[in-house]
Amino acid sequence: MKPLLLALLLAPAAFLAGDLPAADAVKPVKVADVPGYCEGIVFDRAGAGYVSDTQHGAIYKVTIADGKTSLWASTPAPNGHKVLADGTHLVCAKGAVLHLDAAGKKLKDAANECDGKPLRSPNDLSIDPKGGFYFTDPGGSDAKNPIGTVHYVDAQGKTHLVAGGLAFPNGVVLRPDGKSLIVGESEFNRVLVFEVLAPGKLGARKIFATLPAKKGDQINNAPDGMTLDEDGNLFVAHYGMHTVQVLSPDGKLLRSYPGGNLTISNVAFAGPNMDQLFITGALADEKTSKGALWRLDLKGVRGLKLLR
């Protein structure tokens with residue numbers, strides 16, 4: 001009876017982790033070098049990648065096959081980034097969420113204020129297929145001063161405050177069913193989840209997962225950008241940890257993959273089979289180190305297509 005009971009207890013976790021490669025079977029491959037700490041890896045319909053060099057105010061277009069980069073746009077402190085179905089881009093930057101055309105030319109800001117107050121420092125965003133998008137604004141917030149916010153921009157372009165009192169809200173992902181919004185709270189090393197009552201209306205926050213703490217040569221433990229696979233597993237860039245954490249749909253830690261960069265910032269799936277995870281960040285400290293784009297080959301995993 002004891003072996004059978006143990007098998008039954010272990011079965012759910014084994015099922016959720018079933019198609020994920022073992023951590024020791026995954027090795028990061030460097031794709032491209034970037035002059036500084038980089039953020040916001042996204043891909044357009046043609047498969048071209050885009051990375052934000054936050055320190056140098058540049059967004060580079062990356063040819064994944066050969067790792068060649070070319071300057072695509074210049075703007076102060078670019079950060080999280082998404083490509084819309086019409087080929088235009090949304091880019092979080094200092095004081096605004098920018099709207100750029102397919103060639104990197106600036107259009108009218110997608111958001112730069114909320115209720116008459118200027119935005120501080122938008123960080124990351126997630127597209128709502130109903131026509132709007134969510135974004136985080138951690139500017140000036142930390143554990144002692146939790147003034148970070150989450151906003152929703154509706155289909156008419158109006159910006160709404162949907163959550164506040166957060167200690168550096170960072171990565172954000174809307175689940176494909178539209179019923180829950182996941183937000184990384186960097187200063188408390190945890191991931192939160194909000195029930196979505198309606199587009200731009202959130203219920204109370206709950207703790208989805210607390211992530212492993214730093215050790216050894218790891219310099220921080222702050223959840224940053226995140227993405228989903230088709231099984232609902234959440235891949236979290238764990239800043240300062242050299243690591244991408246993988247959480248099950250109910251918040252259990254399934255894998256800890258090596259991420260190439262020490263200060264990992266963001267993650268996105270791409271490739272012909274959507275089984276390659278691309279990772280941005282810096283090789284060491286973000287203020288002094290060069291940045292790099294890395295790739296994990298995750299055979300058996302299929303990333304969720306986020307391009308709308």
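In the chain, 45% of the contacts with a separation of 6 or more are between residues 24 or more positions apart, a contact being heavy atoms within 4.5 Å. The structure is a predicted model, in which local features need pLDDT of at least 70 and side-chain atom pairs count only at pLDDT 80 or more, while totals for chains, interfaces and linings use all residues. Residues are numbered from 1 along each chain as its sequence is written, and side-chain values use heavy atoms, with hydrogens and water left out.

The chain contains one helix and 25 strands; both are DSSP runs numbered from the N terminus, with at least four residues (H or I) for a helix and at least two (E) for a strand. Its radius of gyration, taken over C-alpha atoms, is 18 Å, close to the 19 Å given by the globule rule for 308 residues, so the chain is as compact as a globular protein of that length. The globule rule is 2.2 Å times the number of residues to the power 0.38. Along the principal axes, the C-alpha atoms fill a box of roughly 65 × 45 × 35 Å.

The accessible surface of the chain is about 13700 Å², and 55% of this surface belongs to carbon and sulfur atoms. Accessible areas come from the Shrake-Rupley method with a 1.4 Å probe; for residues, only the protein chains shown count as cover. Of the 308 residues, 55% are buried, where buried means under 20% relative accessible area, exposed over 50%, and partly exposed in between.

An open sheet is formed by four strands in the order β19-β20-β21-β22, with antiparallel pairing. Two strands pair if DSSP finds at least two bridges between them. The edges are taken by β19 (222-228) and β22 (253-258); each has a single partner strand, so one side of each lacks a neighbour in the sheet. On average, neighbouring strands of this sheet are turned by 25° against each other, direction ignored, the axes being lines fitted to C-alpha atoms. Strand β19 is joined to β20 (residues 234-239) by five bridges, and the two run antiparallel. Alanine 222 has tyrosine 239 in β20 as its bridge partner.

The number of disulfides is zero, a disulfide being a pair of cysteine sulfur atoms within 2.5 Å. For cysteine 38, the closest cysteine sulfur is that of cysteine 92, at 16 Å, which is too far for a bond. Cysteine 38 has 0% relative accessibility and therefore counts as buried. The sulfur of cysteine 114 also has its closest cysteine sulfur in cysteine 92, at 14 Å, again too far for a bond. With a relative accessible area of 7%, cysteine 114 is buried.

Terms used
Axes fitted to C-alpha atoms, helices over the stretch in contact; angles between N-to-C directions. Buried < 20%, exposed > 50% of the residue type's maximum accessible area, 1.4 Å probe, protein only.
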